[in-house]
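Please open the model in your viewer and keep the sequence panel beside it. The tour below moves from one selection to the next and says what is to be found at each stop.

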Amino acid sequence: MNEHYVINLGRQLGSGGKEIGEKLAQEFGIAFYDKELIKLASEESGLCKEFFEKADEKASQSIIGGVVSEPCLPSISDGAIPYGSCLSNDALFKIQSDVIRELAEKQSCLFVGRCADYILRDHPRCVNIFVSASKEARIERLMHI
């Protein structure tokens with residue numbers, strides 16, 4: 001039986017969730033994954049990491065009220081997408097999901113965001129945590145970043 005366990009940490013913007021996740025992972029001696037998943041998904045798929053970074057950047061902007069009418073991926077003129085490429089956000093999500101599942105199968109780890117709570121919803125040894133803070137505390141934290 002797989003004795004690996006997973007902690008999924010969701011958080012509100014500015015709540016300090018990433019820092020809490022880093023400390024938890026360090027305390028438990030387990031792997032910590034946040035934006036590193038973009039690099040791993042890039043390596044796994046053979047696609048340049050700009051695909052994933054641009055999609056991640058646009059998703060973050062839409063969450064905080066950025067412009068959502070822009071395309072989710074860089075244009076060919078940005079130099080990040082090879083000519084003729086047609087990758088959707090769903091395809092990029094599938095690649096990242098596969099990486100998350102593989103990591104959870106190999107080792108105990110903590111994921112910050114990335115929909116890992118949804119992706120690993122059937123994992124038998126998984127706990128989901130959500131970190132929140134008052135609006136005032138989040139604003140204060142974001143002002144000092």
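What follows is a series of selections, each with a short account of what is there.

The model is a predicted one, in which local features need pLDDT of at least 70 and side-chain atom pairs count only at pLDDT 80 or more, while totals for chains, interfaces and linings use all residues. Residues are numbered from 1 along each chain as its sequence is written, and side-chain values use heavy atoms, with hydrogens and water left out.

**The aromatic pair**

Select Tyr-33 and Phe-111 to begin. The structure holds one aromatic pair (ring centres of Phe, Tyr or Trp, the last by its six-membered ring, within 6.5 Å; planes under 30 degrees apart count as stacked, over 60 as edge-to-face and the rest as tilted). The ring centres of Tyr-33 and Phe-111 lie 5.6 Å apart and their planes meet at 25°, so the pair is stacked. Tyr-33 belongs to strand S2 (residues 31-33) and Phe-111 to strand S3 (residues 109-112), so that the pair links distant parts of the chain, 78 residues apart; helices (H or I, at least four residues) and strands (E, at least two) are DSSP runs, numbered from the N terminus. Both Tyr-33 and Phe-111 are buried, where buried means under 20% relative accessible area, exposed over 50% and partly exposed in between, with a 1.4 Å probe and protein chains only.

**Salt bridges**

How many salt bridges does a search of the whole structure find? The search finds six, a salt bridge being a side-chain nitrogen of Lys or Arg within 4 Å of a carboxyl oxygen of Asp or Glu.

Select Asp-34 and Arg-114 next, whose closest N and O atoms are 3.6 Å apart in a salt bridge. Asp-34 lies in the loop between S2 and helix H2 (36-45) and Arg-114 in the loop between S3 and H5, so the bridge ties together parts that are 80 residues apart in sequence. Asp-34 and Arg-114 are both buried.

Then move to Arg-125 and Glu-3, which form a salt bridge with 3.8 Å between the closest N and O atoms. This pair also links distant parts of the chain, 122 residues apart, with Arg-125 in the loop between helix H5 (116-119) and strand S4 (126-131) and Glu-3 in the segment before S1. Arg-125 counts as partly exposed because its relative accessibility is 31%, and Glu-3 is partly exposed at 48%.

Because they are four residues apart in H2, Lys-39 and Glu-43 are separated by about one helical turn. Lys-39 is partly exposed, at 49% relative accessibility.

**Helix H4**

Colour residues 89-106, which make up helix H4: its 18 residues reach 26 Å from first C-alpha to last, close to the 26 Å expected at 1.5 Å a residue, the expected span being 1.5 Å times one less than the number of residues. Among the buried residues of H4 are Leu-92, Ile-95, Val-99 and Ile-100. Lys-94, Asp-98 and Arg-101 are linked in a network of salt bridges.

**A last selection**

Finish with Arg-121, whose charged end sits over the ring of Tyr-118, 4.0 Å from the ring centre (NZ of Lys or CZ of Arg within 6 Å of the ring centre and within 35 degrees of the ring normal).
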